[in-house]
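Here are a few notes to read alongside the model. Take them one at a time, and keep the picture open as you go.

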Amino acid sequence: MALKRNLIANYLGQGWTALMSIAFVPLYINYLGIEAYGLIGFFAMIQAWLSLLDMGMTPTLNREMARFTGGNHSNESIRDLLRSIEIIAVGVAALITGGIALGAEWMANSWLRAETLPDEVVAQAFIIMGLVTALRFVEGVYRSTIIGLQRQVLFNVVISIMATLRGLGAVGILMWASPTIEAFFLWQGAVSIATLAVLGITTYRCMPMGVRGGRFSLDALRNVWRFAGGMMGITLLSLLLMQVDKLLLSKLLILSEFGYYTLATSVAAVLYMLINPITQAFFPKFCELHTLGNKEHLIDSYHKGAQLITVIAGSAALVIIFFSETLMQLWTQDYELATRTATLIRVLMLGNLLNGLMWIPYQTQLAHGWTSYAIWVNIVSVAIILPAILWVTPIYGALGAAWIWVGLNAGYILIGIHFMYRKILTTEKWRWYIEDLAIPLGAGLLTVSVLRYLLPDAKDNLMQLFELVIASVLTLAVMALASIEVRKIAINFWINLAPKK
């Protein structure tokens with residue numbers, strides 16, 4: 001029951017958060033220009049790279065909080081772990097702020113290729129970015145704690161409120177105060193301060209009472225250093241895989257072209273907003289079941305999570321791939337934006353879908369404390385993708401880099417996954433391939449292909465919306481019916497809604 005409640009809360013909360021983060025992008029571009037929006041994309045990339053300084057602490061904290069719910073920690077030991085990681089995070093945040101401030105002028109003058117924005121404006125934006133990045137870095141400690149304790153309903157209420165304040169407030173600032181990139185980032189900083197305070201208070205209210213308060217403890221850190229070290233290695237390699245294209249393109253492209261690429265990656269990244277609520281709900285449950293040794297329930301939860309991702313994320317990805325121009329024209333009301341980003345969105349979305357299908361297997365590995373496999377897989381992947389992008393990008397540009405991403409993730413599914421099933425869930429490989437992936441995806445692909453052929457190219461907004469809604473609903477329904485576990489969930493849902501005699 002708790003898993004279902006957390007899953008629903010994650011979709012409502014993160015769905016609203018996603019809406020607040022992407023709904024106003026056309027307004028941001030309208031008021032700031034595509035170059036300034038490129039800076040926002042660069043800001044997102046900085047946040048991703050600086051998560052390396054996390055050193056695996058927040059995913060470790062998430063796992064240990066989940067293990068605490070399974071009886072693996074005392075009240076005092078879990079408080080000591082939280083306080084230790086909290087102190088380290090604050091120190092790292094201070095280094096982030098100072099480091100970016102010192103390097104702001106160099107990044108503005110030597111790295112980015114702005115054509116209309118003055119270098120001093122870009123440098124000021126970088127300084128504010130550093131502060132916001134530092135605040136969000138510390139936020140991660142409290143987010144992981146609340147999620148690991150499986151208080152995800154409360155967590156989603158908090159993040160939904162703050163996302164509304166962040167999104168609507170930014171639009172208000174740009175419309176009525178100052179339509180500048182500095183004003184945009186200053187508002188992000190103000191909201192981040194408020195979010196950090198609220199999450200900190202919420203975390204300590206969720207924590208169990210102990211005989212004493214938490215304190216910095218080297219012993220608490222030593223007990224988790226192996227898993228944290230593994231997570232740090234995975235994070236480093238994952239960033240190289242998922243961010244190296246953006247890093248190279250931010251240098252190779254002019255800032256306006258990088259802005260278009262940022263827009264395409266933002267649309268494709270919406271898929272992760274559909275996947276993350278599922279993994280966020282299932283990962284603590286996997287940790288708890290593994291700690292309790294309940295393998296049968298773990299296998300059942302594994303396939304439920306995998307099929308939910310295939311159905312929900314897969315249906316959305318297929319619709320966007322086949323109707324990308326319709327979506328972009330309806331959303332941005334800008335024909336040029338739609339045509340310049342549609343093909344990129346299709347390719348990036350395909351790559352993200354293939355990547356997302358691996359999230360449940362990956363979360364299960366982490367629940368078993370097995371980080372070495374992901375590290376070796378990512379080492380091999382980095383050895384392939386780095387030279388491939390360096391070779392392809394100068395010739396084929398952003399689209400070439402996007403196809404490299406597709407090929408890499410296809411390799412995970414076709415080759416990499418076999419090694420996992422040799423060690424854990426050894427009897428579940430073909431069930432995963434057939435029931436969790438092939439049947440639902442095949443049904444969805446057939447459905448959306450027929451709809452793309454039958455539905456005419458709509459010109460007005462109402463018909464474009466109608467096309468997208470019909471395609472989304474029918475594709476989701478067919479894939480849900482084709483999925484054994486999701487079909488069971490849907491049937492139980494309707495039975496529970498029926499009036500009781």
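At what angle do helix α13 and helix α18 pack, and how far apart are their axes? Let's answer that first and then look around; please keep in mind that this is a predicted model.

1. **A helix pair to begin with.** Helix α13 covers residues 324-332 and helix α18 covers residues 461-482. The two pack at an angle of about 130 degrees, and their axes lie 10 Å apart. That angle makes α13 oblique to α18. Angles over 145 degrees would count as roughly antiparallel. As for its hand, the crossing of α13 and α18 is left-handed.

2. **Who meets whom in this pair.** On the α13 side, look for Thr326, Leu327, Gln329 and Leu330. Their partners in α18 are Asn461, Gln464, Leu465, Glu467 and Leu468. Sorted by class, the contact of α13 with α18 has four nonpolar residues, four polar ones and one charged.

3. Now find helix α12 (residues 295-322) and helix α15 (residues 359-367). They pack at about 150 degrees, with 9 Å between their axes. Because angles over 145 degrees count as roughly antiparallel, α12 and α15 are described as roughly antiparallel to each other.

4. **The residues in that contact.** From α12 come Tyr302, Gly305, Ala306 and Ile309, while α15 brings Trp359, Ile360, Pro361 and Thr364.

5. **One residue up close.** Is Ala104 buried or exposed? You will find Ala104 in helix α5, which spans residues 75-111. Its relative accessibility is 1%, so Ala104 counts as buried; the cut-off for buried is under 20%. Leaving aside neighbours within four places in sequence, Ala104 is in contact with Ala123, Phe126 and Ile127. Take Ile127: Ala104 and Ile127 are 23 residues apart in sequence, yet 6.1 Å apart in space, C-alpha to C-alpha.

6. **The chain as a whole.** How many helices and strands does the protein chain have? There are 19 helices and zero strands. The protein chain has 501 residues, and 54% of them count as buried. Among contacts with a separation of 6 or more, 85% join residues 24 or more positions apart.

7. **The surface.** Finally, the accessible surface of the protein chain is about 21,900 Å². Carbon and sulfur atoms account for 69% of that surface.

Definitions and conventions:
Residues are numbered from 1 along each chain as its sequence is written. This is a predicted model: local features need pLDDT of at least 70, side-chain atom pairs count only at pLDDT 80 or more; totals for chains, interfaces and linings use all residues. Side-chain values use heavy atoms; hydrogens and water are left out. Axes are lines fitted to C-alpha atoms, for helices over the stretch in contact, and angles run from 0 to 180 degrees between N-to-C directions. Helices (H or I, at least four residues) and strands (E, at least two) are DSSP runs, numbered from the N terminus. Angles under 35 degrees count as roughly parallel, over 145 as roughly antiparallel, 65 to 115 as roughly perpendicular and the rest as oblique. Contact means heavy atoms within 4.5 Å. Buried means under 20% relative accessible area, exposed over 50%, partly exposed in between (1.4 Å probe, protein chains only). Accessible areas come from the Shrake-Rupley method with a 1.4 Å probe; for residues, only the protein chains shown count as cover. A crossing is left-handed if the near helix is turned anticlockwise from the far one by less than a right angle, and right-handed if clockwise. Ala, Val, Leu, Ile, Met, Phe, Trp, Tyr, Cys and Pro count as nonpolar, Asp, Glu, Lys and Arg as charged, and the others, Gly among them, as polar.
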